[in-house]
Amino acid sequence: MTKIMKLIGSRFYRHISVNMIRRTQIKKVLCVAEKNDAAKGIAEIMSNGRSRRREGYSVYNKIYEYEYNLFGQNVAVCMTSVSGHLLSLEFKATFQKWNGCNPVLLFDAEVEKYCPENFIPIKRTLEREVRQCQALVIWTDCDREGENIGFEIIDVCKAVKPNVQVFRARFSEITPNSIRRACETLTEPDINISDAVDVRQELDLRIGASFTRFQTLRLQKIFPESLSDQLISYGSCQFPTLGFVVERFKAIQAFVPETFFKIKVVHEPNEEESVEFSWKRHRLFNHTACLVLYQMCMEDPMAKVISVTSKPKSKWRPLPLDTVELEKLASRKLRISAKETMKIAEKLYTQGFISYPRTETNMFPQNLNLTMLVEQQTQDNEWGNFAQRILESGGPTPRNGNKSDQAHPPIHPTKYTNSLQGNEKRLYEFIVRHFLACCSKDAQGQEVTVEIEIAEERFSASGLTIIARNYLEVYPYDKWYNKHISSIEVFKEWFNTCDLCEIECNIVSGYNSMGYEMSKPNLRAELEADLKLVSEGRKDKASVLSYHVAKYKAVFIESVRKAKK
């Protein structure tokens with residue numbers, strides 16, 4: 001196993017001045033992206049389609065060469081990529097065997113970063129290429145994981161060329177404007193953001209390994225016949241998620257339906273029309289009381305119109321897409337799972353079709369040229385006319401939310417294409433239609449409410465006349481006042497078919513009975529809050545790590561002590 005330790009004092013990177021590069025004659029620059037598709041797309045833009053491809057040691061990570069004006073001078077660029085994280089975190093060999101130590105020791109055991117066997121070809125490519133370069137530019141995704149991957153690349157390159165100058169390209173989409181702007185505004189890698197990921201990785205390793213070994217070994221001993229070959233994993237995110245599922249499952253199992261009664265009034269002016277009036281009392285649980293009121297209505301069934309009111313009604317166009325909303329809507333509207341959605345979105349991003357899909361922002365920045373983005377979509381046969389009408393009616397007027405992560409804009413199309421197939425096509429179309437809908441106008445209607453009285457019992461019915469469909473013309477995923485069957489049926493069906501076994505429920509109950517609500521997100525939420533402070537430079541990496549290791553270690557010791565539960 002080839003190993004590489006993190007360089008001591010890597011905080012030094014934040015003090016590099018971009019202007020220092022101008023004092024040095026740079027002949028060759030190594031650029032490294034997070035994936036091969038991204039490297040290919042960025043090289044295509046920077047070289048104006050004239051890059052030369054050659055092979056690296058990894059067959060999946062190509063090398064693209066071209067010339068570019070960088071740092072105010074013409075330089076030779078070598079663009080390549082990694083495949084996500086280049087290094088992994090693991091315990092020293094003596095602690096890797098399950099029966100080699102008491103699991104509680106894993107909270108303090110020494111850990112190290114190493115390059116897995118399948119990534120060694122990528123590492124060798126970086127080591128070979130950086131030796132010939134005077135500068136290194138990190139082009140990984142601009143989020144926490146991307147920053148951490150960037151520092152893994154830096155550590156590998158610095159190990160063979162300590163004096164290479166390091167820079168960070170920051171971008172949210174693989175488009176000509178965004179890539180050129182990134183080249184003109186190169187910054188320094190942010191060690192604080194990378195530190196937050198290091199803390200999370202180490203905690204996940206220590207917590208996951210210790211609890212997984214503890215509960216797997218104990219339960220295999222108690223149930224040797226059924227669990228002898230089963231891994232019962234634990235994760236600080238995974239377990240609270242299981243807790244939510246178990247909690248809801250138990251609530252449904254414990255639900256006792258109660259019969260209720262209501263009076264319904266139906267007005268049928270002709271054979272084709274029918275208007276249903278809702279009872280103001282809604283429902284009664286006492287059959288006798290409801291029957292008495294019903295008989296009173298039947299004795300004098302003449303309805304008296306009490307009021308007729310009319311008011312404008314709007315259906316708001318959607319907010320710009322953030323990651324969570326994309327996952328929810330794709331699951332609900334397209335029946336594509338969250339995992340598959342993000343996999344497809346990442347591919348669309350690296351191909352330059354959409355902006356970066358991992359964002360917490362639901363408001364467009366003022367400097368984003370929405371008009372140009374809408375213009376790109378006017379050539380489509382299905383939504384092109386709608387995009388043209390947006391431009392002709394005053395231009396894009398997006399409905400903005402109130403969240404911004406100060407890093408990436410909302411998810412939006414960056415380039416028009418009609419060459420996609422399958423779920424890639426469906427997700428791209430959804431993102432385009434959502435963007436155009438957001439930049440359009442709210443749907444407008446007029447709602448009429450009629451209230452009647454029968455034997456002093458009040459009933460009401462509402463009707464809607466749509467005056468202008470507006471965004472609904474391009475956004476078929478919204479149905480205005482379309483009444484669906486109660487979602488409780490879907491929910492029951494899901495729980496009846498999901499594979500939730502009794503051991504899973506009992507593990508959650510067992511941990512909860514120890515006094516620690518480990519199936520609740522409280523512990524993880526506290527960690528996430530601290531990781532945010534680390535990434536902002538407001539808390540120290542070492543202190544946050546030691547605090548949470550000690551906290552989970554105390555929980556682990558208590559769990560072992562109360563293991564019979």
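Buried residues are those with under 20% relative accessible area, exposed ones have over 50%, and partly exposed ones fall in between, with a 1.4 Å probe and protein chains only. The structure is a predicted model in which local features need pLDDT of at least 70 and side-chain atom pairs count only at pLDDT 80 or more, whereas totals for chains, interfaces and linings use all residues. Residues are numbered from 1 along each chain as its sequence is written, and side-chain values use heavy atoms, with hydrogens and water left out.

**View A. Helix α13 is mostly covered.** Helices (H or I, at least four residues) and strands (E, at least two) are taken as DSSP runs and numbered from the N terminus. Of the 17 residues of α13, 13 are buried. The helix covers residues 422-438 and reaches 24 Å from its first C-alpha to its last, close to the 24 Å expected at 1.5 Å a residue, where the expected span is 1.5 Å times one less than the number of residues.

**View B. A salt bridge connects Lys347 with Glu424.** A salt bridge is counted where a side-chain nitrogen of Lys or Arg lies within 4 Å of a carboxyl oxygen of Asp or Glu, and here the N to O distance is 3.0 Å. Lys347 belongs to helix α10 (residues 338-350) and Glu424 to helix α13, so the pair ties together parts that are 77 residues apart in sequence. Lys347 is partly exposed, its relative accessible area being 36%.

**View C. Further salt bridges include the pair of Arg168 and Glu147.** The closest N and O atoms of Arg168 and Glu147 are 2.9 Å apart. This pair links distant parts of the chain, with Arg168 in strand β8 (residues 165-168) and Glu147 in helix α3 (residues 144-160), 21 residues apart. Both Arg168 and Glu147 are buried. Glu55 and Arg53 also meet through their side chains in a salt bridge, at 3.7 Å from N to O; Glu55 is partly exposed at 39% relative accessible area, while Arg53 counts as exposed at 56%. A network of salt bridges links Lys28, Arg54, Glu65, Arg128 and Glu129, and the structure holds 41 salt bridges.

**View D. Strand β4 pairs with β1 and with β3.** Two strands are said to pair if DSSP finds at least two bridges between them. Strand β4 (residues 73-81) is largely enclosed by the rest of the structure, because 7 of its 9 residues are buried. Strand β1 (residues 28-33) runs parallel to β4 and is joined to it by 6 bridges, with Ala33 having Ser81 of β4 as its bridge partner. Strand β3 (residues 63-70) runs antiparallel to β4 and is joined to it by 7 bridges, and Tyr68 stands opposite Val75 in β4. The hairpin of β3 and β4 has 2 residues between the strands, and Phe71 takes a positive phi near 60 degrees there.

**View E. Strand β10 pairs with β9 and with β13.** Strand β9 (residues 265-267) and strand β10 (residues 275-279) pair in the antiparallel sense over 3 bridges, and Val266 stands opposite Glu276 in β10. The pairing of β10 with strand β13 (residues 457-468) is likewise antiparallel and is made over 2 bridges; in β13, Phe459 is the bridge partner of Trp279.

**View F. The disulfide count comes to 0.** A disulfide is a pair of cysteine sulfur atoms within 2.5 Å. The sulfur of Cys133 has its closest cysteine sulfur in Cys78, at 5.7 Å, which is too far for a bond. Cys142 is in no disulfide either, since the nearest cysteine sulfur, that of Cys183, is 12 Å away. Cys133 counts as buried at 0% relative accessibility, and Cys142 counts as buried at 12%.

**View G. The protein is divided into four domains.** The bounds, which come from an automatic or database domain assignment, are 24-189 for domain 1, 195-254 + 501-564 for domain 2, 264-317 + 443-473 for domain 3 and 323-439 for domain 4. The C-alpha centres of domain 2 and domain 4 lie 36 Å apart. From its unreviewed entry, UniProt carries the annotation "domain: Toprim" over residues 28-172; UniProt positions are given in the numbering used here, feature names are shortened, and annotations may be inferred rather than shown by experiment. Over residues 28-172 the chain is 27% helix and 30% strand, and the end C-alpha atoms are 25 Å apart.
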